[in-house]
Structures are given as structure tokens and as C-alpha cells.
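Me: I'd like to go through this structure with you before I set anything up. Could you take my questions as they come?

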Amino acid sequence: MLHDILIAPFLEFEFMRRALAGVVALSLAGAPIGVFLMLRRMSLVGDAMAHAILPGAAIGFLVSGLNLFAMTFGGLLAGFAVAILSGVVARNTELKEDASLATFYLASLALGVTIVSMRGTNIDLLHVLFGNILALDDQTLLVIAFNATVTLLVMAVIYRPLVIECVDPVFLRTVSRAGAPTHMAFMALVVINLVNGFHALGTLLAVGLMILPAGIARFWSRDITGMIVIAVASAALSGYAGLVLSYHGGVPSGPAIILVATVLYVVSVLFGRVSGLLRQWFPGRHLEA
Amino acid sequence: MRRICAILVAVFCVASALTPMRLRAEERIKVVATFTILADFVRNVGGDRVEVTALVGPDADAHVYTPSPADAKTIATAKLVVVNGLGLEGWLPRLVKSSGGTARMVAATDGIVPLKEAPGGHHNVDPHAWQAVPNAKIYVENIRRALAAIDPASTETYRANAARYRAELEALDREVRAVVARIPPDRRKVISTHDAFGYFAAAYGVEFIAPLGVSTESEPSARDLAKIIAQIRKEKIPAVFLENITDPRLIRRVAAETQAKIGGTLYSDSLTDEKGGAPTYIDMVRHNIKTLQDALDK
């Protein structure tokens, strides 16, 4: 019975197995990125970057048609350009990161829309730019896995300065000059993972699989390592449960995954061990030595 | 090039001087059709009396189209707006109103008995009536009547053009029936991404099964996909089809999991440009029936 509900769909249909593999790869790389975004109070940056990437991918499509690499490359290029330009402005002028990012992503979006409409095609770009988690072919799956691998490797290299920059950027500046490069590398990872998410989840919801697990993790752990582990686990769990929900309930898969993550988030807000609401309303007895 | 043509036509008109009221090329009647297939009908009936613009151009999708200010301008200067009707162009009445034009509007599907739409879509009836060739004749008749009402001087021309085109459509209809008759009855079923072929199916007895609803906007769930795969395996459906407008990756996945043949491209909602496989309606139907035959014939 339980086997029928939870496991049989994946045994019977290859597309379910592929979807699961894709979503796990996304979770492994995206969730840690989300944790750092959250710790640096940049959770909405993911969303802004997603909009910055779209035009690049659209231009890639216009130049060479429905070509996975052209679109990925275009998206990466637009994302990097926005990340680097806003980073440069933020670090060298009075304007803060969020404001300069907003400026550049809006410029990128406007440019993209202009170029697309100048070509005058009315093909719904959403269908073209976004993949579908249910239709992962070998090529897409490899791109996702490759990007996830690169992300994890780069994360391993920049992990220490990244953590220090999260908790005490001034200290990092006094002991090392790794701050700026680390930040840039991190933004590059954000871009890569967003492009990844587009291929897999098929909508702007890609951002959701990055940010929601980080939010969940915040309520269960105080240290970064714990948060990352919980974020990855809850992202993968949402992916799996979302696919099962989509299979039995007929909900579109991308939204189903994010909705499951949202439920986990609400549960965490209420019952979380760290500053969950219930915990605050009914604090336990003070422990006395 | 167009100007040279225009001059030639004008010279010809003056030279022949059969009717003094002949419209010169600049006075062609401006007609706006919402998409390319309607535009092709109008062109065939109107001939060189009309100048046709399609709002939704080649290879684009009328379901998710959003009008631009240039379109409003086109409509504002038009004498006649030809729409499909049956709920396909939900955005059009607002556009006509806001463009401030005085164009007459005609629904080319007037008089067609609409089919109920497949479950899961957004319209109440299936708007894709043009896929059955007998319906195309009704489209042509409606368009002829509308053109004659606007330009009574050329009534005879429209009647002759429409009669000639109707004969072509009748030949096309016989052609389609002949091809379908050659396919064994138990193999007359296919999967297609976009169930725009309800009228085709009803007219010619080829079953179309779609993994998505009628509108291309809805996203499939894992359950939909699993159902369709299970169905193909169970009923041994021989072929699945890509279309020119929806996500081909989805269909490729279904094909990979069922060993059904991927049957090439069927054109449903729009014609292609000159270089593509279906620049006119007749080409489109011919292309579709040939593609079906290749996939379903042993």
C-alpha cells in the first residue's frame, strides 16, 4: 500500500526517476547557496537575479534557437554582468548592494524585452526558456549535475571567507583581501544555480527551491553546518514529496514541489526548535545548575 | 517590389478599363485577420482586392498572444476584422474597442456546430474548427459574404474566387479521406501535445489524445504524464507528434518511455513563413495528412 504510493511511481516511470535525480542535484547545490543568501540578508537577491537572467536566455534563444547551451550561456552571461556591475558599484560608491542590483536587473530586463520584441516573434518564451522537471532529457540532466558539481567544489574553496564575510565582514577586511573575490564567486554560483533551476523546475519557482529550504533550516539549527545539512535535506524532501503529490494529486510538478516546501516552512515557523513561535509562547523551564 | 506590383496592377486596370469603378491598388480593402490561417482564407477569397494583415504572425500562438500598440493601429485603419470566434480571441473585443477604429467584425465560424472542448481547457467549446476541411468551406463562405457587404462593387470577383477556392478545398477533403482510408483502423490514433485536432478527429476518424488541455498555457502534472504513458503502453498507440508551438521535450520523454514513434511536426494553430512546411492552409492540411500517414502506415 505504502509502497504503491511512495515508491511504485518511481519504479514504473523513468521520467519520475529522472525528475527525482534532477531535484536532488538541485537541492545539493541550491540549498547551501540559499542558506548563505539568507544569512547575508540577500534572500530577495535570488529573485532579482532570476529576472536578470531571463533576458540573457531569451537572447540566446533568438540567436541560435532552442539550444540548451546557447540559452544557458546567454543566461549566465547576463547574470554575471548584472552581478559584477552591481557588486562593483556597491563596493566603490555609497549606493548599497540591493539598490544597485535593482537598477541593473531592471536594465537587463528592459533590454531583454526590447530585443525579444524587436525580433517580433510571439512564441511564448516561457515555454522555450523553461524546461520541465517531467521532461528532463540526458543533456539537461547532465547540465544540471555538472553545474551542481561545480557549485559544490567552488563552495568548498570559498567556504571559510564566505562564512566570515557573513558574520563579520569588517574583520575579514582587516585580515584578508579575499572579501571581494569571494563575493563575486558567490554571486556567480547564485547565477549558475538559478539557470539550473530554470531548466529543471520550469518556472521562476526555481528561486523557491533555494530560499525556502534556507528559511526552514533557520528554525532548526544555530550553526551554519547544521543549517546547510537541514536545508539540503528539506529541499530534497520537498522535491520528492512534491513529485509524489504531483503524481497522485495531479498538481503541476514545479508548483507542487514549492508548495510542499512552503508547508514545511510553516511547520518550522510554528514548531521550530530555534525561535519557533510555539517555543517563544511557551518557553520551557529555565535550566538551573 | 510591392510598389512595382502595385503599379503594374494599376496600369492593367486602366488599360483593361472594363469597369470604370475598378479599385486602384492603393484602394485595396484593408483586412485584419487574427491569425495566419484566417489571413490565408481572406487572401484566397479577396485576391488582389484586399490587403490582409495577420495579428498573430507565423509560428506564433494565438492562445497566449498579447497585442501591441502597433496592432491597435493596424486595427484602427482596417475596414474588416476577421476573427475565428468560438472564444479563441478573448483579447480582441477590448483591442477593437480601444483602437477606436470603425472596422466591421466577422466571426468566420458562424454557422459551424461547435464541438465540446476536451476536459481541462479554458474555453467552453473547442475553437479549432478549421482543422476539418468541410468547416474551412464555411469559413470561406462567411469571409466572402463579409467582403461582399463591404465592397459590393467586387461581389462577382469574390464569388468567383470563393468558388475556385472551394473546389480546391473539396479536392483536399477527398485527398484526406483517401489517405485515412489507407491506414488500418486499429492504427488510427496518435498522441499530440496540443489537442487542436478535435474537429479533424471528428471529421476523419483519427483519434487524437493529448497530454495537455486545449490551451497551451496549462502545465502538465506527473499524473497526466503517467496516465498518458500508461495509455500508450496499454493501447499500443503507434505514434506521438510534436507541434510547432509546445514543449517538444515533453513528447520526446513520452516517446522514450513507450517506444512509440515520434511522428514529426503537425501544424495546428498557425502557418509557417514562406520557407516552412506550411505557408498556406492547403499546404498545412497536406503536410499534416502526409505526416500522419508516414507515422501510422506500416
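Me: How many helices and strands are there in chain B?
Reply: This is a predicted model, and in it chain B has 10 helices and 10 strands. Of the 298 residues of chain B, 48% count as buried, and residues 24 or more positions apart account for 62% of the contacts in that chain with a separation of 6 or more.

Me: And what pLDDT does chain B average?
Reply: The average for chain B is 81, with 81% of the residues scoring at least 70. Over residues 17–23 of chain B, however, the pLDDT is below 50, and beyond near neighbours in sequence this stretch has four contacts in the model. Residues 212–216 of chain B also have a pLDDT below 50, although that stretch has 24 contacts in the model beyond near neighbours in sequence. Where pLDDT is low, the predicted coordinates should not be read in detail.

Me: What about chain A, which elements have the lowest and highest mean pLDDT there?
Reply: Chain A has a mean pLDDT of 84, and 91% of its residues reach 70 or more. Among its elements, helix H7 (residues 125–129) of chain A has the lowest mean, 54, while H12(A) has the highest, 94. For the model, the scores are ipTM 0.74 and pTM 0.67.

Me: OK, H12(A) then. At what angle does it pack on H11(A)?
Reply: Helix H11 (residues 206–218) of chain A and helix H12 (residues 224–249) of chain A pack at an angle of about 125°, with their axes 8 Å apart. The two helices are therefore oblique to each other, and their crossing is right-handed. On the H11(A) side the contact is made by A:Leu209, A:Pro213, A:Ala214, A:Ile216, A:Ala217 and A:Arg218, and on the H12(A) side by A:Met227, A:Ile230, A:Ala231, A:Ser234 and A:Ala235.

Me: What else does A:Ala231 touch?
Reply: Not counting residues up to four places away in sequence, A:Ala231 touches A:Ala31, A:Pro32, A:Gly34 and A:Val35, as well as A:Pro213, A:Ala214, A:Ile216 and A:Ala217. A:Ala231 is also one of the residues that touch the most other members of the largest nonpolar core, which has 165 residues; the others named are A:Met49, B:Val42, B:Val82 and B:Val190.

Me: Which helix gives the most to this core?
Reply: Helix H3 (residues 14–39) of chain A does, with 13 residues.

Me: Back to H12(A): where does it meet H8(B)?
Reply: A:Leu243, A:Ser246, A:Tyr247 and A:His248 in H12(A) meet B:Ala222, B:Arg223 and B:Ala226 in H8(B). H12(A) and helix H8 (residues 222–235) of chain B pack at an angle of about 60°, with their axes 6 Å apart, and they are therefore oblique to each other. This crossing, between H12(A) and H8(B), is right-handed.

Me: New topic, A:Leu76. Is that one buried or exposed, and why?
Reply: A:Leu76 is buried because 20 other C-beta atoms lie within 10 Å, and the cut-off for calling a residue buried is 20 or more. The place of A:Leu76 is in helix H5 (residues 68–92) of chain A.

Me: So what is A:Leu76 in contact with?
Reply: Leaving aside its neighbours within four places in sequence, A:Leu76 is in contact with A:Val191, A:Ile192 and A:Val195. A:Leu76 and A:Ile192 are 116 residues apart along the chain, yet their C-alpha atoms are separated by 6.5 Å.

Notes:
Residues numbered from 1 in each chain as written. Chains lettered and ligands numbered in written order. Predicted model: local features only at pLDDT ≥ 70, side-chain atom pairs only at ≥ 80, totals over all residues. pLDDT = per-residue confidence, 0-100. Contact = placed C-beta atoms within 7 Å. Core = buried A, V, L, I, M, F, W, Y, C linked by C-beta atoms within 7 Å. Buried ≥ 20, exposed ≤ 12 C-beta atoms within 10 Å, placed from the backbone. Helix = DSSP H or I, 4+ residues; strand = E, 2+ residues; numbered from the N terminus. Axes fitted to C-alpha atoms, helices over the stretch in contact; angles between N-to-C directions. Parallel < 35°, antiparallel > 145°, perpendicular 65-115°, else oblique. Left-handed = near helix turned anticlockwise from the far one by under 90°.
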